[in-house]
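Open your viewer and load the model.

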Amino acid sequence: MKISRQFTVFGSAIFCVVVFSLYLMLDHLQLDRIKNPINEERLQNGQLVILQDKIDHLERLLAENNKIIANIRDSVTNLRKSVNNDKGPLEAKNLSQGLVDLLPFAPIWVLIPSEDCQFSAQTYSKAADEVQMLDVYDMLSFDNPDGGVWKQGFDISYEENEWDQEPLQVVVVPHSHNDPGWLKTFDDYYRDQTQHILNNMVVKLHEDERRKMIWSEISYFSKWWNNIDIQKKDAVKKLIERGQLEMATGGWVMPDEANTHYFALIDQLLEGHQWLERNLGVKPKTAWAVDPFGHSPTQAYLFKQAGLSNMLIQRVHYSIKKHFATQKTLEFFWRQNWDQESSTDILCHMMPFYSYDVPHTCGPDPKICCQFDFKRLPGGRISCPWRIPPQVITSDNVQQRAHMLLDQYRKKSKLFMSKVVLAPLGDDFRYTDAQEWDQQFNNYQKLFDYMNSHPELNVQAQFGTISDYFEILRKVTGMDQAGMNKGVSPFPVLSGDFFTYADRDDHYWSGYFTSRPFYKRMDRMLESHLRAAEILYSLTLANIKMFGKPSNYPAVENYKLLTEARRNLGLFQHHDAITGTGKDWVVVDYGTRYIAFLLPLPVVVHCCRTILVSGDIENEWQLRFLVSFPMNVFIMPSFRSVVVYNPIEQARSSVISIYVTTPHIRVLTAQGRPVIAQITAVWEHFTQASTETLKLKENGLKHSIKVDFVWYGTTSNKDKSGAYLFLPDGEAKKYSPSRPPVIRVTKGPVFSEVTTTFTHITHTLRLYNIQGVDGQAVEICNTVDIRGEFNQEIAMRITSDINSMNRFFTDLNGFQVQPRRTMSKLPLQANFYPMTSMAYLEDSNRRLTLLTAQSLGAASLKSGQLEVIMDRRLNQDDNRGLGQGVLDNKITANSFRLLLEPRNSRENNAPFSYPSLLSHISCTYLNHPLIQMATSVDPALLTPVPHSPLTSSFPCDIHLVNLRTIQSQVGGGPSEQAALILHRKGFDCGFSSRNTGLLCSTTRGKVLTKLKVSTFTPVSLSLMYESSSTPKHQEISLKPMEICTYRIQLG
């Protein structure tokens, strides 16, 4: 009865505090009115409105507090019953009972200020000059008539006198696209081609200062830089100073934009920019993305936040290119969907034709342009498919050839608003040998000299870098030269994305959204482990600096391990790596690199854990790291200590799994208090059990959700599905296993699950019986094995009664959500989109969200239905250069969470949408699980002290993207500074905040870092530029969706 009395008093106290608080608030309203009697009449109307709003708010508070009091009353009643029925001491009871106080107390209601809801509730108003990609898709018929020499376009004509008043300016940009792995491994490409390209570049650019070149892949450049002498390094720096060599984008690779998570996109960009600043003093201004298979606005946002002014894209659906060409909108300011203030605008150039190779860059006729690719001169290794070879430029033919090329330049200029033409000159791994440098530069220079020396042609042609082009463009269109502000712009504003890409006919590149899913899952796991290690490492350095010990911490060695991990993770973001579109042995090489950098990460984590928790590293090598691989067995002696690391910035209540060798286990806290535990068998063989139906419960109502599996075959046409393309043979066919499934049911106090084993899939549904976030969703794990199939793709289909019509939503790079529309005018494969972290369906009453721990392709082909391709096995090449099918499938475990939420607000047709707070946090839990570390030493020798660098949780909508120690300017070790990267997530308030299990609230975007920081400087995303604003010490204010970086010094 003592417990009952305590809770009764506690409940009464809460009630008194609530009533007293309401009294003070009402009294304050009355005092405000008395203090200003003179202005009362003048402000009466406004005050009445304000007063009415406050009364409404108080009524809501009273209603909420009534619910709180009711819950307290119910809790007291239940506690009284449990005490009355108690049959023995606590130690004798089942560990699933009586231990709720060991878990963090989740508030019944999450506190969300009304200001934090204004962002998602803002009214969408389309600007007059805005191009919204959803509207473009609605408008286009997506037919494909023969356009003549420009097959996917139209005939272009012009008048000879169009350039009399303003001459045409042509900027030819030499480039060499170097894939860090595709048909060869990274190292093989470097050995056979890339090092020779860069060596020749130094020599050939110095021969003539009019020559220019751009380079983008810093992974290759850094490897080459480490192998050249000081004289060659000085020569490179001179080329950069003279403007002959430009580092475009400056990322570690040219990343894919569909499957990549924004953590990894930022990480590889930061790694490249930091390398450039440290070694060359270079700050890139323009992004160059000619080969990713579709383009995401997330990447545009990251470029803008990094301080870049301009960007270029290439692989966009041919119908969209044609439409933009007719409207002369191939150049535009790319704006984020949520932005109504133009703060995210970045100037973007879309290349108009089929490819970035020379035949498709000088103008609309590839047969003509190919004749100006001088590597294809007769006698070379490659030739023109149109069977008309180039000619060496001489005094006899220069006039005729110059007019022929100028005609293409003029026709290309008719597709743009300005009289400035960009003509890239390059292709994959071009300029390998000195002969090609001479062939291209000498012949083009003769053509330029002729054009420039004949005023009647009204043209000025030159070699240039990509930033040279944008500088000229901004000048002739009257825009600012600084690059960060629009000034007066003749260009439209565009919002939306460029998925799904098609390069011809019905050939949609939606296959690579899923190809090689094993490696996509591995990528996400390693991102999580790298982030965890980065944060712990930075905190450990600060701890050592503060206390001066231990002196034997291997800071430099561990930092080098982190650097290698960053660079190998960055390498895998390449658009032929994470996409699953490389040769078999190249994919193996990526996997080997991943494992090679995964294994050292536990060493970093172990060292940090020991210092932060135990204070020394004497037992570092006796630690064992338990990662989420199913065969890791935790050998259990009589007593063992486990350290759990929560890598996210909010407090959490989660379930962890540890493999033990006996079912006779007790779990205790460091203070000896029991912890809720459940012993579950690890199954090596199937067994017989019963079956259950999946039902999601919401507001007391049960909703049946059907989960089943389907097959897609490949078309019987000549062109079939491959690593890039998805070309199905029609609608999916129901999965029918060859033998009846085996079903196993597990029930327990912590979780219950149903595992169904089919021929190709082991499908598990798990429900957690806890009050935290984990208990709000259904966990789904599908272990897929289709290694014995022929031209088959397997998908999970979720069917609900949600009236979603033809609308659904997928995320882009885990950063933002893009509304989608399933269109009957498009083929089935065109309605699949990349799903990096989530997809959802909704109607006016509910939202069903599927959270994912790996990137896959997703669609909603029917109302209320969500479909995810889980694996693909394809026996042929799809004629996009790879030269093989996808036959190296592995047994792959795909993890998901399914979340059903009631809606409190109406649907809208705005081009933006936001997840709920609960789905944001659930996704974070899924992708950043708790990390367990076990000690194998005598527990009596350990005195672990809980370590928490944060005094309290971050707000629910603030995510710590990374806390990454910056490399020192000298050597490969750490500096005393770190990059603190924060993201304020946009969320939809139209969902219940009651009983969500969240242990945090929102604070209008204001964050106190709660870290001991001695210096604190706002900088651009990749640390290239310092911000002019100086926030209060450690007080940060972020706008919704904003990502900000701060250069800090801990300790």
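**Before you select**

This is a predicted model, in which local features need pLDDT of at least 70, side-chain atom pairs count only at pLDDT 80 or more, and totals for chains, interfaces and linings use all residues. Residues are numbered from 1 along each chain as its sequence is written, and side-chain values use heavy atoms, leaving out hydrogens and water.

**Stop 1: the whole chain**

Show the protein chain as a cartoon. It has 19 helices and 39 strands. Helices (H or I, at least four residues) and strands (E, at least two) are DSSP runs, numbered from the N terminus. Of the 1051 residues, 58% are buried. Buried means under 20% relative accessible area, with a 1.4 Å probe and protein chains only. Now show the surface. The accessible area is about 43,400 Å², and carbon and sulfur atoms hold 53% of it. Such areas come from the Shrake-Rupley method with a 1.4 Å probe.

**Stop 2**

Two strands pair if DSSP finds at least two bridges between them.

Zoom in on T810, which stands opposite Q818 in β26.

**Stop 2: the cores**

A nonpolar core is a set of buried Ala, Val, Leu, Ile, Met, Phe, Trp, Tyr and Cys residues joined through side-chain atoms within 4.5 Å. The largest one here has 227 residues. Select residues 517-547: this helix, α15, gives the most to that core, with 13 residues.

What does F221 touch, beyond residues up to four places away in sequence? Its contacts (heavy atoms within 4.5 Å) include W215, M247 and W275.

**Stop 3: helix α9**

Select 297-306. Nine of the 10 residues in α9 are buried, among them Y301, L302 and F303. At the N-terminal end, S296 is the cap: a side-chain oxygen lies 3.1 Å from the backbone nitrogen of T298. Finish on G307, which follows α9 and has a positive phi, near 100°.

Key
Buried < 20%, exposed > 50% of the residue type's maximum accessible area, 1.4 Å probe, protein only. Polar contact = N/O pair within 3.5 Å; in protein donor to acceptor, adjacent residues only side chain to side chain.
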